Amino acid sequence: MKNLIVIDHPLVKRDLTLLRNKKTPSHQFRAILRRTASLMAYEVSRDLQTKVVEVETPLEKTKGVMVNQQIVLVPILRAGLGLVGGFVEVMPNARVGHIGLFRDEETLKPVDYYFKVPRNLDRALVILLDPMLATGGSAAAAISFLKERGARSLRMANLVSAPEGVRKVRKAHPDVVMYTCALDRELNKRGYILPGLGDAGDRMFGTE
Ligand code: PRP
Ligand code: URA
């Protein structure tokens with residue numbers, strides 16, 4: 001699908017299988033999600049701008065490479081928090097914003113309750129983080145908020161995506177490239193992804 005990159009890696013597939021398993025308890029779910037997030041970060045950042053620098057080894061001077069691009073990570077609360085640790089582990093200089101959104105269970109429309117992002121979003125690569133892309137309502141709204149605050153270069157990282165959500169984001173924001181670990185089959189009547197992994201926030205935090 002256009003604008004969609006499916007991260008096709010055996011370690012990611014293994015982790016996703018563990019996350020899908022309903023018997024995986026919250027503490028393991030959080031740890032596996034964090035590890036998967038680092039693997040996702042590796043793919044999402046594959047083409048980051050770099051600059052050549054001089055470095056002195058214990059033996060001599062040589063050339064090295066540093067990242068030359070500001071990065072802002074923006075998790076959608078709550079479940080997006082589960083991806084932050086793994087991303088910052090490999091992107092230690094990234095700044096982090098937060099968007100609070102939840103889906104109204106009846107209408108499936110996003111309800112916003114919190115927004116705090118760093119300054120100068122226009123100069124950064126902004127990576128929106130959320131394990132689940134279902135109807136796409138939350139993601140499309142979050143991207144609109146970020147664009148209103150100046151974001152010009154945006155990517156989104158999801159663990160599991162539904163075709164409905166991918167279509168919605170692609171239509172509303174054709175400039176945003178989506179990275180996912182799996183494109184699942186469909187949504188059920190309550191807007192849950194099938195086969196999916198259930199409610200990511202509840203599984204992370206042990207709520208229901
Ligand atoms: C989940 C998920 C996404 C949203 C996806 O959050 O983390 O943000 O649903 O659904 P959508 O694509 O149909 O908008 P939820 O609303 O359950 O909030 P929570 O993370 O606080 O549990
Ligand atoms: N949000 C989730 O956490 N899971 C789904 O399957 C759909 C939306």
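Guide: Let's start with one term: a polar contact is a pair of N or O atoms within 3.5 Å; within protein, one must be able to donate a hydrogen and the other to accept it, and residues adjacent in sequence count only if both atoms are side-chain atoms. The model is predicted, so to speak of local features we need pLDDT of at least 70, side-chain atom pairs count only at pLDDT 80 or more, and totals for chains, interfaces and linings use all residues. Residues are numbered from 1 along each chain as its sequence is written, chains are lettered from A and ligands numbered from 1 in the order in which they are written, and side-chain values use heavy atoms, with hydrogens and water left out.

Visitor: Thanks! Which residues are around ligand 2?
Guide: Arg103, Met132, Ala134, Gly191, Tyr192, Ile193, Gly198, Asp199 and Ala200. To be listed, a residue needs a heavy atom within 4 Å of the molecule.

Visitor: How much of ligand 2 does the protein bury?
Guide: The protein buries 89% of the 240 Å² that ligand 2 exposes when taken alone. Such areas come from the Shrake-Rupley method with a 1.4 Å probe.

Visitor: What kinds of residues make up that shell?
Guide: Around ligand 2 there are 5 nonpolar, 2 polar and 2 charged residues. Here Ala, Val, Leu, Ile, Met, Phe, Trp, Tyr, Cys and Pro are nonpolar, Asp, Glu, Lys and Arg are charged, and the others, Gly among them, are polar.

Visitor: OK, over to ligand 1. How many residues surround it, and which are the closest?
Guide: Ligand 1 has 15 residues around it, and the closest are Arg103, Asp130, Thr135, Gly136 and Ser138. By class, that shell has 7 nonpolar, 4 polar and 4 charged residues.

Visitor: What distances do Thr135, Gly136 and Ser138 show?
Guide: A polar side-chain atom of Thr135 is 2.5 Å from an oxygen atom of ligand 1. For Ser138, a polar side-chain atom lies 2.6 Å from an oxygen atom of ligand 1. Gly136 uses a backbone N or O atom, 2.8 Å from an oxygen atom of ligand 1. As for cover, the protein buries 91% of the 500 Å² that ligand 1 exposes taken alone.

Visitor: Which helices and strands supply at least two residues of that shell?
Guide: They are β4 (70-77), β6 (98-103), β9 (132-133) and α4 (137-148). These elements are DSSP runs numbered from the N terminus: helices are H or I with at least four residues, strands are E with at least two.

Visitor: New topic! How do β2 and β3 run?
Guide: Strand β2 (residues 50-56) and strand β3 (residues 61-67) run antiparallel, joined by 7 bridges. Strands pair when DSSP finds at least two bridges between them. Lys51 has Met66 as its bridge partner in β3, and Val52 has Val65.

Visitor: Where are the cis peptide bonds you know of?
Guide: One joins Leu77 and Arg78, with omega about -5°, and Arg78 is in the loop between β4 and α3 (81-90). Another joins Leu194 and Pro195, with omega about 0°; Pro195 is in the loop between β13 (193-194) and α6 (200-205).

Visitor: And what about phi at Asn3?
Guide: Asn3 has a positive phi of about 65° although it is not a glycine. You'll find Asn3 in the segment before β1 (4-6).
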